[in-house]
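Thank you for asking for a note on this structure.

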Amino acid sequence: MAPLSHRSIKDGWFREISSQWPGQAMTLKVNRILHVEKSLYQDVLVFESDTYGNVLVLDGVIQCTERDEFSYQEMIAHLPLASHPNPKKVLVIGGGDGGVVREVLKHDTVEEVVLCDIDEAVIRVSKQFLPHMSSLLNDPRVTVYVGDGFKFLADNTSTYDVIVTDSSDPVGPAASLFQKPYFELLRDALTPGGHISTQGECLWIHLDLIQDLLKTTRELFPVAEYAYTTIPTYPSGQIGFMVCSKEAGRDLSKPLRAVPNTRYYNADVHKAAFVLPEFGRSLLKDGKDLRPVFGAAAGSKVPTKKVLLLGSGAVARPCAEYVVRNPDNALTIACRTLSSAEALAGDLRNTTAASLDAGSEDPAKQAALEKAIAESDLVISLVPYTYHVNVIKAAIKGKTNVVTTSYISPGIRELEEEIKKAGIVVMNEIGLDPGVDHLYAIKTIDEVHAKGGKIKEFHSYCGGLPAPECSDNPLGYKFSWSPRGGLLALLNNASYLAGGQQVDVPGKDLMSVAKPYYITPAFAFVAYPNRDSVPFREYYNIPEAEHVIRGTLRYQGFPEFVKALVALGWLNLEKKDWLKEGQTWSEVMQQAIGASDATESTLVARVKELCKFPDEGESRRILSGLKWIGLFSSEPATVRGGTLLDTLCARLETLMAYADGERDLVMLQHKFVVEWADGRRDTLTSTLEAYGEPQGHSAMALYVGVPCGIAVQLVLDGVFKTPGIVAPYSKEICDPLREVLEQQGLGLVERVL
């Protein structure tokens with residue numbers, strides 16, 4: 001049995017990261033993971049903490065710990081019960097761990113308790129790992145109902161004296177528990193004079209939400225108040241409750257009876273729970289906001305610069321986050337579908353969403369694009385590179401600056417005179433590769449030249465890869481976007497300089513020239529050239545260089561597997577008349593490789609014939625990989641586009657996608673062989689080894705998006721203002737970009753070997 005693992009536990013520490021409390025996180029040291037499951041409704045985790053005992057976590061958020069759960073359970077239960085004159089029938093919505101029920105039964109007036117929780121897994125898991133909380137679920141006064149709380153309330157009007165809603169935070173399905181229709185159901189399910197208590201979030205983080213909740217509940221109940229408790233493992237160490245009564249004039253802050261056997265609650269704490277700190281009291285009682293204003297929010301209230309971001313890929317969000325750090329910037333994110341733009345904009349300040357299509361030939365859509373670009377000070381083009389020319393043409397008309405992460409294409413070069421006449425800056429190649437690689441290549445080259453040295457060899461390799469622990473498939477590779485572009489890139493022609501001579505590699509032979517490449521002993525990389533490296537001798541001003549190559553890194557075994565796919569025809573873009581829906585994968589494989597039948601033995605024999613494996617070990621490895629993909633299976637094939645390449649993509653885009661909780665690796669290294677004036681030679685390196693955050697940005701998204709955002713700000717600030725096509729090939733361009741990049745904690749490590 002494999003050891004238990006969970007995406008929120010890394011290096012022995014649990015991390016509670018959530019959009020509900022941005023910029024902060026709770027961490028607990030983990031002794032061991034006790035339980036992991038995906039229920040019908042949520043992710044369920046139980047672990048043993050070093051200092052808090054057993055911890056129940058739902059969807060990555062701490063629900064309770066053995067050490068501090070009593071402060072929450074006691075207060076959410078006793079505030080409404082102790083202030084009610086005679087509570088007999090009590091309903092608990094949520095709270096499957098049993099803690100609230102345990103507290104409710106401390107009131108001797110209570111005759112009947114119903115627990116309604118939609119997820120049986122929470123009840124079952126709590127009985128196993130939190131028995132001190134759940135043991136009273138078997139009490140004869142308690143009825144446990146597994147089902148939807150909304151329906152249960154609708155079916156039981158005017159029934160309960162007190163209703164306690166022990167809900168999770170207002171994300172996803174739980175958001176409905178913080179809205180008016182739910183509170184209407186609660187009110188209607190109460191007997192005359194009944195009370196409710198619901199989880200009411202944190203003063204430090206959710207004061208605006210609390211204000212809205214008070215407004216909603218005061219429209220429905222004669223009495224509605226916010227009270228709170230302290231609890232160290234909840235965000236900011238505090239959480240509150242909406243406590244309401246159907247009885248006008250009732251003082252909810254006054255306990256009417258003592259509650260026995262408590263650890264946190266007492267009569268004085270009950271009264272004090274309704275006494276709020278001044279910043280909370282002022283907003284909730286007087287409508288005056290005393291919260292401090294700082295950072296970006298303390299700047300200009302009205303943005304003065306308009307930025308349009310086109311595209312919705314993974315790199316767009318880190319770029320957008322950087323751009324709106326500056327309060328002077330108003331950002332519009334535009335995608336073909338408005339919903340994609342809205343999802344990307346999310347909770348970003350000064351950000352709106354729009355629907356625009358940068359690739360459409362429809363006159364109305366083109367006009368909309370031109371209008372939006374003309375109304376902006378700068379447009380960020382993160383759409384597919386084939387659409388950049390459309391964007392730049394519109395920017396020329398609107399006299400709007402442009403930033404893109406892509407290489408300067410011939411189509412863009414053709415627009416250079418028009419760009420200059422329009423007086424705009426079109427900044428290109430400012431992502432990772434190209435982008436960050438340029439910044440550190442130019443830095444080292446300029447420093448060597450300034451000391452009288454010569455760059456005799458320049459080797460630069462970059463790879464966007466799954467982190468080693470996630471490289472668990474036969475190719476050692478995963479896709480965070482459609483595989484089509486990545487697979488087609490494996491067929492690109494390549495050129496580089498070796499020994500002063502140009503070496504050209506046809507695309508069909510690209511994988512054949514891949515060789516092991518050493519960076520550190522921890523990795524088994526192979527490297528192959530990427531497109532045309534020859535012009536970079538001129539771009540980087542190293543005419544003395546005899547060897548210039550820019551290439552791609554992959555894990556060992558990747559090129560041989562791709563060579564096999566090429567040999568078998570799976571990267572072929574030609575339409576195949578015989579490729580139809582209804583075929584099995586083995587039947588498609590039979591046709592693709594010209595086998596006599598679709599049995600596995602026949603297919604394997606034909607694969608060996610075509611691929612000419614060097615030895616039996618390599619044969620077994622590649623054949624196992626083809627079997628893993630499913631190319632020998634009798635399952636129905638997903639035929640796409642009438643081509644073998646697109647059909648393969650349909651298979652790989654799910655099979656080789658990053659799983660929840662996995663992370664990527666970006667490895668980039670420049671290697672410079674330097675000859676000094678006295679004849680000495682040194683090897684200098686600049687290296688980036690960066691890992692993505694499973695619950696945050698991938699390393700690739702961060703290292704493409706943030707440099708792009710930095711370039712945007714520098715253009716807006718007038719640091720780069722000379723009209724024309726710009727790329728980071730000079731000290732004047734690279735130094736300001738690199739300086740800000742390093743201020744963000746990003747960059748390469750430089751060494752002399």
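**Notes on the predicted model**

1. Taking the contacts in the protein chain between residues at least 6 apart in sequence, 68% join residues at least 24 apart. This is a predicted model, and its protein chain holds 25 helices and 29 strands. Buried residues make up 54% of the 753 residues in the protein chain.

2. In soluble globular proteins, nonpolar side chains tend to be buried together. The largest nonpolar core has 96 residues, and of these Ile333 and Ile380 touch the most other members. Helix α24 (residues 699-716) contributes the largest share of this core, namely eleven residues. Apart from it lies another core, made of 57 residues, among them Phe523, Ala527, Leu553 and Trp570.

3. Which residues does Ile380 contact, once its neighbours within four places in sequence are left aside? They are Val307, Leu308, Leu309, Leu310, Cys319, Val323, Val403, Cys708 and Val712.

4. Helix α19 (residues 558-567) deserves a separate look, as its residues Phe558, Pro559, Phe561, Val562, Ala564 and Leu565 are buried. The buried residues of α19 pack against the strands β24 and β25 (547-555), and also against the helices α21, α22 and α23 (644-655). After α19 comes Gly569, whose phi is positive, near 90 degrees.

5. Two helix pairs can be described in some detail. Two packed helices are described by the angle between their axes and the distance between the axes. For helix α21 (residues 600-611) and helix α22 (residues 616-629), the axes come within 11 Å and cross at roughly 130 degrees. That angle makes α21 oblique to α22, and the crossing of α21 and α22 is right-handed. On the α21 side the contact involves Glu600, Val604, Val607 and Lys608, which meet Glu616, Ser619, Leu623, Leu626 and Lys627 in α22. Sorted by class, the contact of α21 with α22 has four nonpolar, one polar and four charged residues.

6. The other pair is helix α6 (residues 180-189) with helix α7 (residues 203-220), whose axes come within 10 Å and cross at roughly 40 degrees. The helices α6 and α7 are therefore oblique to each other, and α6 passes α7 in a right-handed crossing. Lys180, Phe183, Glu184 and Arg187 of α6 make the contact together with Leu213, Thr216, Thr217, Glu219 and Leu220 of α7. By class, the residues of the contact of α6 with α7 divide into three nonpolar, two polar and four charged.

7. Asp433 and Pro434 are joined by a cis peptide bond, with omega about 15 degrees. Pro434 is placed in the loop between β19 (425-427) and α16 (436-450).

8. Positive phi values in residues other than glycine also call for attention. Arg531 has a phi near 55 degrees, a positive value in a residue other than glycine, and Arg531 lies in the loop between β24 (525-529) and α18 (536-539). Is Arg531 buried, partly exposed or exposed? Its relative accessibility is 46%, so Arg531 counts as partly exposed. Lys612 is not a glycine either, yet has a positive phi of about 50 degrees. Lys612 lies in the loop between α21 and α22, and because its relative accessibility is 65%, Lys612 counts as exposed.

9. A last point concerns Val36, which is found in strand β3 (residues 26-38). Val36 is partly exposed, with a relative accessible area of 29%. Its C-alpha atom and that of His6 are separated by 7.3 Å, although Val36 and His6 are 30 residues apart along the chain. Not counting residues up to four places away in sequence, Val36 touches Ser5, His6, Val44 and Leu45.

Conventions: Residues numbered from 1 in each chain as written. Predicted model: local features only at pLDDT ≥ 70, side-chain atom pairs only at ≥ 80, totals over all residues. Heavy atoms only, no water. Core = buried A, V, L, I, M, F, W, Y, C linked by side-chain atoms within 4.5 Å. Buried < 20%, exposed > 50% of the residue type's maximum accessible area, 1.4 Å probe, protein only. Helix = DSSP H or I, 4+ residues; strand = E, 2+ residues; numbered from the N terminus. Contact = heavy atoms within 4.5 Å. Axes fitted to C-alpha atoms, helices over the stretch in contact; angles between N-to-C directions. Parallel < 35°, antiparallel > 145°, perpendicular 65-115°, else oblique. Left-handed = near helix turned anticlockwise from the far one by under 90°. Nonpolar A, V, L, I, M, F, W, Y, C, P; charged D, E, K, R; others polar.
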